[in-house]
Amino acid sequence: MSNLLNYIHFPIYSVMVLFLGAFLIVVLGKNKFLRHLIAVLAAGISLACMIALIKPVMLNGEVIAYWMGNRVPAGGYAIGIAMEVDALSLFFGLLISTAVFVSCVYSVQYMSHDENIPQYFTLFLMLAGGVMGLVLSGDIFNMFIMVEILTFAAVALTAFRNKVYGALEAAFKYLVVGCMGSTCILAGVIMLYANAHTLNFAQLSGIIPGMMSNNSVKIAFALLFVGFSTKAFIVPFHPLAADAHGAAPASISVLISGVLTKSGIYGIIRLTYFLFQTMGLGSFQFLLVFIGCVSMFLCVTMALAQHDFKRLLAFHSISQIGYVLTAVGLYTAIGFSAGIYHALNHTLFKGLLFLAAGAVLHETGTTNLDELGGLSKKMPHTTVLFLIGAFSISGIPPFNGFASKWMIYQACYEKAVESGNIGYVLVTVICLVTSVLTLASFVKVSQSVFFGRLPEKYENVKEVPWGMRLAMGMFAVLCVITGLFPNLVGKFLTHPAATAAFNANGYIDAMMGEGYASSALGPFMNSAQNVVFYEAGVWSPVSWLLILCIVLLAVTIVAVTGKYEKVNALATGEPDAKHALFFSGEEAVYSQVGGSDLFWGFKHNWRHYFSFMHDLHSGILNDYALWAVVALSLAMLFMLIVL
Amino acid sequence: MSVILNALVDLGYILIFPGFLFCFLCGMLLCGIERKIVARMQKRVGPPILQPLYDFFKLCGKETIVPTVANKTVYLAAPIVGLAALVVIQLFIPVFNFTAFAGNADIIVVLYLLLIPALAEIFGAAATGSPFAGVGLSREMVTIISCELPLVLVFLAVGKAVGNAIGSGVVFSLQTIAAYQAENGCLLFKASMIPAAIAFLLTIPGETGMHPFDAAEAETEICEGMLAEYSGKPLAVYKLSHAVKLLTLTSLFVALFLGGLGTGILLVDGLITFFFCVVVIICVVALIDASTARLKIEQLFKYYWTVVSGLAAISLILAWFGL
Amino acid sequence: MMTFNYIASFFLIVLGFYTIITKFNLVKAVIGLSIADYGVNLLIISIGYVPGGTAPIFTEGEISQLSYFVDPIPQALTLTSIVIGACVTAMSMSLVMKLHESYGTLDTREIRRLHG
């Protein structure tokens, strides 16, 4: 029995328990209590398994190679199916299982008004299991299978509330373009197999870098790259994400933005850092940084033009993924750790924001920014939690978005100086400007949803149930913790993961036996980079704490000593004129600036750009498919010319 | 024992110099001087220099009227948070060779902390639910976006210029910039930094909401916009924040471009900094304030993203090629 | 002989994608997806093919150095891939039905409530 509790089994447990839960809910899901218990328990066990692996994998630097049925490699050939967990996989596994767990807790009360809840939880756990399987797998065909499972579950869940405006449409578009991506992945996998005659990821990583002159390998790379890009929703696949996030239930939006996109990023990292090992090439760094910057800027401007809360968040999601991709594409230790730190933070704050959007939807029945307003008096907790998320994503110190963005700027600018390439200065500027535009759009959201005037039809809105607030609170606490203690995050999570990413040989050797990497790769072996970490700036919590105390004190003083008069309600129920709003003598006709017109001064100067972008995102499936095919062709051309 | 002592010293920094007290007095003085100078330029007598101080205490004695539709917590907390952020920046800005909180002093941090006062004002205004505040906050946010690009470019240019000179690639630390200037003289006298300095000076009126960039406040048009519903102590704190922001931005200018003229004696250095701030205020802010009329918000945006950013970009490119 | 297979599979994949791009009918988009999928399946099976090889079915002790058989792994992969393809078709057709119910049309140019 104790043998089964050995930590080497934990990866398979954390995947299996989710799938097992999915099947159990199909059987036992009629009972409400049992259904919720199974779902939360499955997500919880999965998270616990991941946390238990922190010590051996992150701190001791072990790489867990787990062969199904103990079919270890024979004669230098991997025969069995394997799972491989290094620090990078575990990092993504951890953030995924955290998001899954919190979202699961939230779902329990959030979905209570819907029909077919057992099916929801089954699909939910399938999606979670698919993503976990993807990041923990050590076999490229299994990665494909998991990609299919998660695409399927995500599509079904997007269409789950099929009465919602546009849900079916979003699901169909996502299905078609997503399956084009999956087809690309499958074709890429099989072309690699044709060249290397193995499907094991580590062995492929040992063989493929030596074959890069072969054209079919280059094509395979392009196919896989585009395939995983569709999963990460980076430009030009961002319209799908926007549609899908907007239509899906909020708890699923959390998974799509926090988990699905991360799995795509994970795939891209595995391809570029491990399988093909092309990150050393300047042109390849340029590719990733370019895509990242375009995603970052284009999506943040698209977000500024949105009228729907969740659709706006969806565009921000891609914008933040752009940050991650840019930082990862720099190919420096600090850049990489900044990138995955931002990935972690993005999961936390975007999860929080989506849950807040879900709370608003749950209570008011709409997410249209032009209809909402003034909810802060009715939903004070949700407002505070939303503000924490909004400050985090806009990078306001001391929340977590600031810590990671700070590192990203530092990394970009250092890269610019090191490489002497002035283009990276532009990258830094784009990063910083995107950040302030992000802030602007969250000012817009808070003004038009939580502050401003409360429309009369929402007079009876109440705070959401405690279970949903609990889930949001978990994300909020994590946002603050990861923002205040970047050193701890670095020590336990990002630095080991970054070290692992720069140590492809260690990954190969752990799987295929010591010395395999050097013998297989031969002259193509990149010596493991010496990864040096330093803090981009030291954050001293003590001085912040002092300031916080003084602020609290000052607020209390002002609040207590201020002279207040009791508000005298008139007989009509209206407040007296003194405490009413000032309308400069006009009749009290209220006209709020609509959410989408809030930044008129900015938009006016960019009107041609905005109208062009609006026309470009036509919503026609054929256009999006065309973008995908063009992206694929460009990727193939790029690979053939550059590599 | 030493922990307590350090904490006390920190507390002293936060509360007295260069924290709250220093900010309070110098900010108010600067504000008074600015008003006086503008009045003289317009051939008016103008208020006494201590007028902002009198206003502050008078406002503190007034009743605070919280509108019934407002979110009281946010309404009351916003001014304080904004002020605290300004004080924090002041703690990070080196006074020649002295920095209260060393190690935290980084240009990027300052850039982000500079957002907080405006942001606090925006959220406070949003919490009142007033339509005037709605228009005001919209314009304030656009002003922030406008000023951000030139500021970023200026900071990157300075970082690169200092990095070039001391041969370590790039420097974002304000302390290192101060140390560099102490050895090699002011950055203002470097040819490549002059456009950046001008760009920074032009952003000061925008950040502090002076003419012609005061579309967000526009008393005659939208009743002071974001402050429309504020009264009593919170309003006093806002007025103080505006004054402190003037001090913060000018002393940041001094730290970035006019460093290296210190004497090493803290008190004297503080006075010299203040003197420079006054000079900057008189020569630039007051002059622009007195001689221009309000721009429309879209003109403001265009101006900052073309003219001022262009200046800063020239500086960055010059610094890049080591001039 | 295999060259012909590769060309055919390439042709099928391109044809499938071409269908998705140019046809404005949802059902045709689904057909396009299936065609692309068949193209990939053909590619997989062609890669595993060894001219003159036998079926890779052996019992204990039967296999030897002289055994000459086609690569079994791609065949297993193809099976998986076919199953997935069938699922994609089923799922997308059910979505098409629902879409037709709520939009009353199958034209992609009219199914664009979400845009901009």
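Modeller: Two residues are in contact, or touch, if their C-beta atoms, placed from the backbone, lie within 7 Å. This is a predicted model, in which local features need pLDDT of at least 70, side-chain atom pairs count only at pLDDT 80 or more, and totals for chains, interfaces and linings use all residues. Residues are numbered from 1 along each chain as its sequence is written, with chains lettered from A and ligands numbered from 1 in the order in which they are written.

The part I take is chain C. Its mean pLDDT (the predictor's confidence in each residue, from 0 to 100) is 86, and 99% of its residues reach 70 or more. For the complex, the predictor gives an ipTM of 0.94 and a pTM of 0.90.

Chain C has three helices and zero strands, in the order α-α-α along the sequence. Helices (H or I, at least four residues) and strands (E, at least two) are DSSP runs, numbered from the N terminus. Taken along the principal axes, the C-alpha atoms of chain C fill a box of roughly 65 × 30 × 20 Å. Among the chain C contacts between residues at least 6 apart in sequence, 56% join residues at least 24 apart. Of the 116 residues in chain C, 30% are buried (20 or more other C-beta atoms within 10 Å of their own; 12 or fewer is exposed, and in between is partly exposed).

Next, the neighbours. In chain C, 33 residues are in contact with 36 residues of chain A. On the chain C side, helix H1 (2-22), helix H2 (26-48) and helix H3 (72-103) each supply at least two residues, and H3(C) gives the most, with twelve. By type, this side of chain C has 21 nonpolar, seven polar and five charged residues. Here Ala, Val, Leu, Ile, Met, Phe, Trp, Tyr, Cys and Pro count as nonpolar, Asp, Glu, Lys and Arg as charged, and the others, Gly among them, as polar.

Chain B and chain C are joined by no contact, and their closest C-alpha atoms lie 22 Å apart. There are two pairs of chains in contact, and chains A and B share the most contacts.

Not counting residues up to four places away in sequence, A:Leu352 touches A:Leu385, A:Ile388, A:Gly389, A:Met472, A:Phe475, A:Ala476 and A:Cys479.
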